[in-house]
Amino acid sequence: MRVSVVCTFSFPEGLAASARIISYMKGLHQHGAKTDVFIYRPTDLYTNPSSYPAHGTYEGINYKYPNTRVYSKYKICRFIGRYYYWGVTCYNIWKENKADKIDFLLISNDFLNVLFLFTLWAKILGIKPVFITDEYPEPIRVHLKKDIPNWKKRFYNFILKYEDSFIFMTEKLNVFFNRKLNKPYHILPTITDTSRFNVDADSNVQKKYMCYMGNMELSKDNVDNIIRAFSVIANKYPDIDFYLYGAPSPKDYNIIVSVIEECNLSDRVFIKGRVSSLEVPVILKNAYLLVSSQPDSKRAEGGFPTKLGEYMATGVPAILTDVGEITKYVQDGVHVYIVEPENHIAYANKLDFILSNYSEALSIASTAKEYLLNNFDYKSVSKNLLDFLYSRL
């Protein structure tokens with residue numbers, strides 16, 4: 001079997017979406033499938049290009065950019081190049097399919113024009129198109145709407161009826177996209193390449209720290225809630241600082257800084273910026289406590305935090321908020337600690353409990369690590385995905 005993905009995420013180094021694609025495609029490859037990733041446009045700023053080439057092989061996955069992975073610094077070239085790169089990507093898919101038949105094209109993008117283009121192209125080439133997504137469409141995930149316009153719903157239904165099947169992160173997404181179409185679908189929840197975490201923690205850590213790892217987009221991860229919670233218990237635990245890893249927008253950065261200053265935590269809370277995916281495992285394993293907070297929103301309802309699996313893979317205690325479908329897969333006080341969202345006092349009380357009962361927290365974290373390995377490691381999750389794809393041949 002040959003399975004290809006078309007997407008717009010940086011590859012092989014990138015954020016959560018890139019790590020997710022690598023996890024299931026690496027697993028498919030190890031189970032005998034031939035795998036490709038086609039990135040349909042450049043992803044790197046010309047001021048900060050990746051050290052990876054525009055095409056190559058990573059963890060057994062063949063990947064290919066149109067012909068460059070670096071954006072032009074000229075706006076007009078970026079505008080014109082968009083359509084040129086789409087064409088080149090279609091050519092690359094045609095060329096690979098001609099050389100060795102592609103069975104499935106997983107379209108990891110929900111923009112209507114992109115979804116239509118690659119669905120149509122797959123059908124023309126005799127490839128089975130599969131829509132794969134881990135969030136609601138843009139009006140919900142970006143603009144925080146409760147729903148999308150009816151005209152968009154009609155266009156989605158028109159395009160998606162030509163998909164062979166669907167792969168969703170949550171059941172809520174299946175209800176949203178597939179309720180009227182009732183096509184075969186597969187749920188691919190959290191998936192973690194646990195082999196990334198087979199590294200030793202640094203024994204020379206200068207100070208204990210709580211750690212948040214993410215993009216610090218406040219509409220998705222309200223780290224301000226964690227900062228306010230930390231301010232409640234910070235004086236009780238003067239030996240612990242709070243490190244935030246990620247690259248928020250200028251607007252969100254200013255809000256976060258203002259909350260830090262408001263809480264008088266400038267000497268205890270530090271924004272560390274974005275780090276490479278290679279650095280993530282050690283940073284997480286060195287932490288004393290791993291933290292995350294999502295608001296109770298329509299966006300959170302449909303998604304599932306990739307960081308949950310990464311946190312659990314470390315053996316370090318972790319705390320998250322009760323949103324979406326998290327509690328379908330993990331239990332409070334058994335695998336991780338779960339607290340109600342958007343309540344910094346409740347969050348502070350949970351932090352205090354964990355830090356005051358740290359031996360128990362370590363035991364829970366150890367249970368979580370074993371549970372993740374047995375249920376959500378990339379090998380087992382991708383085997384289930386492969387079985388589903390075989391059922392569609």
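Which residue forms a salt bridge with Asp 241, and how far apart are the closest N and O atoms?

Analyst: This is a predicted model. Asp 241 pairs with Arg 268 in a salt bridge, and the closest N and O atoms are 3.1 Å apart. The two residues come from distant parts of the chain, 27 residues apart. Asp 241 sits in strand S10 (residues 240-245). Arg 268 lies in the loop between helix H8 (250-262) and strand S11 (269-273). Both Asp 241 and Arg 268 are buried.

The structure holds 23 salt bridges. Another of them joins the side chains of Lys 128 and Asp 164, at 3.8 Å from N to O. Asp 164 has 12% relative accessibility, so it counts as buried. Lys 128 has 29%, so it counts as partly exposed.

A further pair lies within a helix. Asp 387 and Lys 383 meet in a salt bridge of 2.9 Å, N to O. They are about one helical turn apart because four residues separate them in helix H14 (residues 378-391). Asp 387 is partly exposed, at 37% relative accessible area. Lys 383 is partly exposed as well, at 34%.

Finally, a network of salt bridges links Arg 2, Asp 36 and Glu 96.

How values were computed. Residues are numbered from 1 along each chain as its sequence is written. This is a predicted model: local features need pLDDT of at least 70, side-chain atom pairs count only at pLDDT 80 or more; totals for chains, interfaces and linings use all residues. Side-chain values use heavy atoms; hydrogens and water are left out. A salt bridge is a side-chain nitrogen of Lys or Arg within 4 Å of a carboxyl oxygen of Asp or Glu. Buried means under 20% relative accessible area, exposed over 50%, partly exposed in between (1.4 Å probe, protein chains only).
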